[in-house]
Amino acid sequence: MKTTQNMMQSHNKKIAYAGILISVGLIMGYLEFLIPLPVGIPGVKLGLSNIITLFSLYNFDPLFTFVVLILRVLLSGLLFGNLFGTLYGLSGAFISFIVMYLVKRGNIFSIVGVSIMGGIFHNIAQLIVACILISQIKLSIYLPVLLLSGLICGLAVGIISQIIINRFHNEKGLL
Amino acid sequence: MFACYTLYKLCLEIDTMKFLSRNDRFLIIIIIFIIIALYLIRFCSSKTDGTVEIYVNNELYTTCNINNDNVIDIYIDDVLVNIVKVKNGYASMEYASCPDRLCVKQAKICYSNEAICCLPNKVLITVKNEDNSEYDAITQ
């Protein structure tokens, strides 16, 4: 099992990477906006921006990942969304980050497993926030579809990020 | 030509990678089981002879029987925000004033414990079974 490399990056490198990661994350958000999935349930989307989160989770320290995540969600909410969308996205991202960090530290799953857990808990957190706002538990009828979409998208995103992260770890000179 | 070469090298690299470890496959199987179980629970709640309840902002707005064809307009502060159509034993959202209109695209509901919600307008349509209705109205 590969230990986490390069946790002590130089400060300037981190600043440059933060800029790159946040902007690529915003572009992923725009891609998701261009490709709407034809399911009529709020919250089903390709989690392409999770590729960014996983990349920084496996290459940088967790505080850096958290800051990049929060900034990306806020900026993406300002650019493409309304207030409600930002609130749901923020809560989903928060919970999914905590889950992904704990699972990664526990060292149980590979990158794909971490991504699946992150995707599923993102959807569950959005459902819980919606239930709180409407004060009804009847919304949990959406749970199977959200779990399924979290699973499939988490799988796809996990495979893509594993390819990218392995490439970055194997070649010398990148990062 | 160069694109074909890089694609070829990428496929070689992907072949050498191990993708799903044993724990990952375990996790996926468990999650699929949970999904199937939830679907079975949902389809076991019967198609009811119940009442359609509409909640606006967590307060009961109106109810009607699911077998009476009906069109209900929902107003908040005298502004028309949603239209609910009850027809043929199904309830659906016909019109919504929210920007993304996700509630209109949602499937019709007929089973008890199903719901259609419009989150920006805080409107919720549910179907309640006549046997286990404990409350007449829920207000906050």
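Tutor: Gladly! Let's begin with Leu75(A), which touches Ile22(A) and Leu26(A), leaving aside residues up to four places away in sequence. Contact here means heavy atoms within 4.5 Å. Before going on, note that this is a predicted model, where local features need pLDDT of at least 70, side-chain atom pairs count only at pLDDT 80 or more, and totals for chains, interfaces and linings use all residues. Residues are numbered from 1 along each chain as its sequence is written, chains are lettered from A and ligands numbered from 1 in the order in which they are written, and side-chain values use heavy atoms, with hydrogens and water left out.

Student: Why is Leu75(A) called partly exposed?

Tutor: Buried means under 20% relative accessible area, exposed means over 50%, and partly exposed is in between (1.4 Å probe, protein chains only). Leu75(A) has a relative accessible area of 36%, so it is partly exposed. This residue lies in helix 3 (residues 62–80) of chain A; helices are DSSP runs of H or I with at least four residues, numbered from the N terminus.

Student: What makes the pair of Tyr17(A) and Phe60(A) tilted?

Tutor: A search of the whole structure finds 7 aromatic pairs over all chains. Rings of Phe, Tyr and Trp (its six-membered ring) pair if their centres lie within 6.5 Å; planes under 30 degrees apart are stacked, over 60 edge-to-face, and the rest tilted. Here the centres are 5.4 Å apart and the planes are at 55°, so the pair is tilted. Tyr17(A) lies in helix 1 (residues 11–34) and Phe60(A) in the loop between helix 2 (50–59) and helix 3, so the pair ties together parts 43 residues apart in sequence. Both Tyr17(A) and Phe60(A) are buried.

Student: How do you know whether Phe66(A) and Phe97(A) are buried or partly exposed?

Tutor: Compare each value with those cut-offs. Phe66(A) has 24% relative accessibility, so it counts as partly exposed, whereas Phe97(A) has 7% and therefore counts as buried. Ring pairs also link Phe66(A), Phe94(A), Phe97(A) and Tyr101(A) into a cluster.

Notes:
Helix = DSSP H or I, 4+ residues; strand = E, 2+ residues; numbered from the N terminus.
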